[in-house]
Amino acid sequence: MEWCVSMPKIELHAHLNGSIRDSTLLELAKGLGDKGLIDFSQVEHVILKNDRSLAEVFKLFDVIHILTTDHATVTRITKEVVEDFASENVVYVELRTTPKKNESKGMSKHSYIEAVLEGLRAVSSVDVDFIPHSEELKNLSNPLLSTTNDKCNENTRKKIFVRLLLSIDRRETTEAAMETVMLALEMGHFGVAGIDLSGNPAVGEWVTYLPALKFAREQGLCVTLHCGEVPNSREIHDMLDFLPERIGHACFFEEDHWRKLKSSKIPVELCLTSNIRTLSVPSIDAHHFVDLYNAKHPVVLCTDDSGVFSTSVSNEYKIVRSSFGLGRKEMLELSKNAVEYIFADNTVIRCYDAYELTARDATYCYYVSRQ
Ligand code: IMP
Ligand code: ZN
């Protein structure tokens with residue numbers, strides 16, 4: 001485990017509200033309990049329960065969302081989540097979250113994302129890179145490159161690249177989905193790099209989100225879809241035909257879905273613990289990681305909800321090592337390959353006056369420097 005923690009990693013499938021520390025959730029619940037707004041002991045039981053079906057996971061999210069409704073809390077959890085990923089040597093994370101409206105708290109989808117950005121600014125344990133092509137970059141001393149040569153160098157201070165994906169919840173209407181895409185476009189210069197479709201897979205129809213997803217694509221946003229979390233053959237075909245930049249899970253795939261996926265080379269975000277905990281796959285031995293890995297299909301190991309499923313990126317690598325016998329070299333390669341699938345845009349960023357790199361190359365360079 002120590003080695004898995006020390007190796008640099010890339011996290012591409014992490015939901016903000018699913019990645020909150022238990023201690024923070026309990027503290028927030030206690031605060032609301034003391035005010036008589038919730039029954040603390042009941043909520044404590046729900047938070048600390050270990051095994052949950054997929055349906056129960058979505059009930060837990062309803063509870064979590066009651067605890068994280070104000071701007072200050074959204075800022076706090078964002079800061080903590082990024083610090084937690086950085087502390088286990090994640091060098092690049094795409095954090096996804098569903099922009100929320102809450103009139104009683106004066107919260108709009110826009111102000112929700114502002115609160116998330118505030119959380120990124122508040123991170124203190126590590127440098128955070130989240131503005132891909134801001135003028136401010138010119139004036140920042142970037143630890144990525146030394147002033148004397150253009151090779152990747154070891155930093156004295158750790159850095160984490162953060163990009164945001166805005167999630168469309170499957171409960172939303174076409175208009176609400178479109179609003180999220182417009183917001184992502186507006187926030188592009190603050191590191192919003194793409195759109196995710198998530199939420200309870202038993203709810204909603206593909207055609208509802210399609211117009212917003214098509215629009216996102218036309219405007220140059222990358223798209224990732226939760227795909228095949230439940231058996232729904234028609235929807236899986238429709239999603240693969242859309243050719244998203246990535247998909248998550250791919251649990252309930254049948255032969256013709258695998259064929260389509262493999263010929264399309266769409267990278268798959270695999271979340272082993274999440275799939276086992278929700279019984280989306282019967283056991284780790286039966287997990288489709290093995291088949292995709294052996295077929296050299298692009299895959300990336302992710303947590304999904306490190307808080308809800310009590311896992312970490314390092315733990316996901318440890319599982320791959322212990323269950324499928326991958327060696328250190330293979331694990332490093334698996335991790336490094338993920339740089340190819342990131343959504344950070346390819347706009348050139350200025351590191352020093354003399355050096356220009358794309359965000360992707362900067363991530364790659366930094367990853368290698370940490371190996
Ligand atoms: P948030 O978007 O930051 O509020 O993170 C929690 C949300 O992510 C949940 O309400 C779901 O919409 C979504 N989510 C988290 N885990 C899963 C999953 O396993 N499948 C589908 N959606 C999920
Ligand atoms: Zn997910």
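This briefing covers two ligand sites and three further residues of the structure above. The model is predicted. Ligand 1 has a shell of 16 residues, and the protein covers 99% of the 490 Å² of accessible area that this ligand has on its own. Ligand 2 is a zinc ion with 4 donor atoms in an irregular arrangement.

**Ligand 1**

- Among the 16 residues around ligand 1, those that come nearest are H65, T97, T98, K100 and E229.
- The shell is made up of 8 polar, 5 charged and 3 nonpolar residues.
- Helix α4, which spans residues 54-67, contributes the most to this shell, with 3 residues.
- T98 has a side-chain N or O atom 2.6 Å from an oxygen atom of ligand 1.
- K100 likewise places a side-chain N or O atom 2.7 Å from an oxygen atom of the ligand.
- H15 has a polar side-chain atom 3.0 Å from an oxygen atom of ligand 1.
- With the ligand in place, the protein covers 99% of the 490 Å² of accessible area that ligand 1 has on its own.

**The zinc ion (ligand 2)**

- The protein donors of the zinc ion are the NE2 atoms of H13, H15 and H226 together with OD of D304, and they lie 2.1 to 2.2 Å from the ion.
- In sequence, the donor residues follow the spacing H-x1-H-x210-H-x77-D.
- H13 and D304 link distant parts of the chain, being 291 residues apart.
- H13 belongs to strand β1 (residues 9-15), whereas D304 sits in the loop between β9 (299-301) and α14 (313-324).
- H13 has a relative accessibility of 0%, so it counts as buried.
- D304 counts as buried too, because its relative accessibility is 4% and the limit is under 20%.

**E94 in strand β2**

- E94 is part of strand β2, which covers residues 90-97.
- Its relative accessible area is 0%, so E94 is buried.
- The side chain of E94 makes a polar contact of 2.6 Å with the side chain of Y92.
- The E94 side chain also reaches the backbone nitrogen of F343, at 2.5 Å.

- T173 is located in the loop between β4 (159-169) and α8 (174-186).
- T173 has 41% relative accessibility and counts as partly exposed, because that value falls between the limits of 20% and 50%.
- The side chain of T173 reaches the backbone nitrogen of A176 at 3.0 Å.
- T173 and T208 are separated by 35 residues in sequence, and their C-alpha atoms are 6.5 Å apart in space.
- T75 is found in helix α5, which runs over residues 71-87.
- T75 counts as buried, because its relative accessibility is 16% and buried means under 20%.
- T75 and V116 are 41 residues apart in sequence, with a C-alpha to C-alpha distance of 5.2 Å.

Definitions and conventions:
Residues numbered from 1 in each chain as written. Chains lettered and ligands numbered in written order. Predicted model: local features only at pLDDT ≥ 70, side-chain atom pairs only at ≥ 80, totals over all residues. Heavy atoms only, no water. Near = heavy atom within 4 Å. Polar contact = N/O pair within 3.5 Å; in protein donor to acceptor, adjacent residues only side chain to side chain. Areas by Shrake-Rupley, 256 points an atom, 1.4 Å probe, with all protein chains shown as cover. Helix = DSSP H or I, 4+ residues; strand = E, 2+ residues; numbered from the N terminus. Nonpolar A, V, L, I, M, F, W, Y, C, P; charged D, E, K, R; others polar. Donors = N, O, S within 2.8 Å, 3.2 Å for Na, K, Ca; no water. Tetrahedral: all angles 85-135°; square planar, octahedral: opposite > 155°, others 65-115°. Buried < 20%, exposed > 50% of the residue type's maximum accessible area, 1.4 Å probe, protein only.
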